[in-house]
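Here are my notes on this model, point by point. Please read them with the structure open.

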Amino acid sequence: MSKLGTRTFTLLQTVTSVGLSALAWAVTGVRPIWNGSQPSDRQRIYFANHASHGDFILLSACLSEKQRARTHAVAAADYWGKSRLRQFIAQDMLSSVLIHRQWTDEAQNPISIMLSVLDEGHSLIIFPEGTRNMTDAPLLPFRSGLYNLSMARPDVELIPCWIENMSRVLPKGQFVPVPLLCRVVFGAPIAIAPGEERRAFLDRARQTLLALNPRPPTHDAEKWNPVFRKTSCDQKSLEHRAGSDIRHDALKDD
């Protein structure tokens, strides 16, 4: 590619980034919540839940223009590389990193591709579930990529990010966003503990992400939110005492 072409595509990416960020703010009024971490120019791997094509756009919109310019979403080549148009949108407009989920050639090794981006000083947005979550479960099991990246580049911060409501703003198969309020909750950095095994780390990372959900399902809220758990226990205690008083009064009447 010529230098002019390089400058043209860099300008295109900048314009696209600014335009999509403005659109995300206009449609969702997105509110970033920094809960345990703060905006930083430090190199990072942001890992988030995934239920919509708009997830990484919403997350990117919460970053500064400087951070967005060096932060790239990891996307599936088997979807975004299906046609020249999709590839143009993903790579040349959105500056995404395309990886092959089913790869046979070492040159297509997803970890190698992502590490090469990190080695250039850039940051990544990844979705450890590996695909969009179309189930009723809040999160799918995590795949190994997050662990492998952290093991290979332990100095890069891992920041959990819960993206709220984007699946309703841009559901699967839809191209026109529905105006709804959204939040992105950025949690505290996590790291692999000495001697921590792969599955133990992935389970811990998954639970860390689940705990950031500002509106968890009732059973998750009771498990992960101490305030909810205390309120629930207090309510059960009151119900137990009320039942005891009723039984005591009944005995006295007899």
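1. Start with a loop residue. S95 sits in the loop between α5 (84–93) and β4; helices (H or I, at least four residues) and strands (E, at least two) are DSSP runs, numbered from the N terminus. S95 counts as buried, at 16% relative accessibility. Buried means under 20% relative accessible area, exposed over 50%, partly exposed in between (1.4 Å probe, protein chains only). Leaving aside neighbours within four places in sequence, S95 is in contact with Q13, H72 and A90. Contact means heavy atoms within 4.5 Å.

2. Some ground rules. This is a predicted model, in which local features need pLDDT of at least 70 and side-chain atom pairs count only at pLDDT 80 or more, while totals for chains, interfaces and linings use all residues. Residues are numbered from 1 along each chain as its sequence is written, and side-chain values use heavy atoms, with hydrogens and water left out.

3. Overall make-up. The chain has eleven helices and seven strands. Of its 254 residues, 40% are buried. Take the contacts between residues at least 6 apart in sequence: 70% of them join residues at least 24 apart. The accessible surface of the chain is about 14500 Å², and carbon and sulfur atoms hold 57% of that. These areas come from the Shrake-Rupley method with a 1.4 Å probe; for residues, only the protein chains shown count as cover.

4. Strand β5 (residues 123–126) deserves a look. Both of its faces are covered. S123 and I125 are buried on one side, L124 and I126 on the other. In a regular strand the side chains alternate between the two faces of the sheet. Strand β2 (residues 44–48) runs parallel to β5, joined by three bridges. Strand β3 (residues 71–76) also pairs with β5 in the parallel sense, over three bridges. Two strands pair if DSSP finds at least two bridges between them. Which residues in β5 are the bridge partners of F47 and H72? For F47 the partner is I126. For H72 the partner is L124.

5. V97 lies in strand β4. V97 has a relative accessible area of 10%, so the residue is buried. Beyond neighbours within four places in sequence, V97 is in contact with H72, A73, V74, A75, I113, V117 and L124.

6. Nonpolar cores. A nonpolar core is a set of buried Ala, Val, Leu, Ile, Met, Phe, Trp, Tyr and Cys residues joined through side-chain atoms within 4.5 Å. The largest has 30 residues, and F47, I126, L146 and F201 have the most contacts inside it. At least two residues of this core come from each of β2, β4 (97–99), α6 (110–119), β5, α7 (145–152), β6 (157–164) and α9 (198–210). Helix α6 gives the largest share, six residues. L146, leaving aside neighbours within four places in sequence, is in contact with I45, F47, I126, P128, L158, F201, L202 and A205. A second, separate core has 24 residues, including V27, I163, M166 and F186.

7. Aromatic pairs. Rings of Phe, Tyr and Trp (its six-membered ring) pair if their centres lie within 6.5 Å; planes under 30 degrees apart count as stacked, over 60 as edge-to-face and the rest as tilted. W34 and F186 are stacked, at 3.9 Å centre to centre and 10 degrees between the planes. They link distant parts of the chain: W34 in strand β1 (residues 31–34) and F186 in strand β7 (residues 183–186), 152 residues apart. F186 is buried, with a relative accessible area of 0%. F47 and F142 are edge-to-face, at 6.4 Å centre to centre and 85 degrees between the planes. This pair also links distant parts: F47 in strand β2, F142 in the loop between β5 and α7, 95 residues apart. F47 is buried at 0% relative accessible area, and F142 is buried at 3%. Ring pairs also link W34, Y46 and F186 into a cluster.

8. Cysteines. How many disulfides are there, taking a disulfide as a pair of cysteine sulfur atoms within 2.5 Å? The count is zero. C161 is in no disulfide, and the nearest cysteine sulfur, that of C62, is 8.7 Å away. C161 is buried at 0% relative accessibility. C182 is in no disulfide, with the nearest cysteine sulfur, that of C62, 9.5 Å away. C182 counts as buried at 2% relative accessibility.

Conventions: Disulfide = S-S within 2.5 Å.
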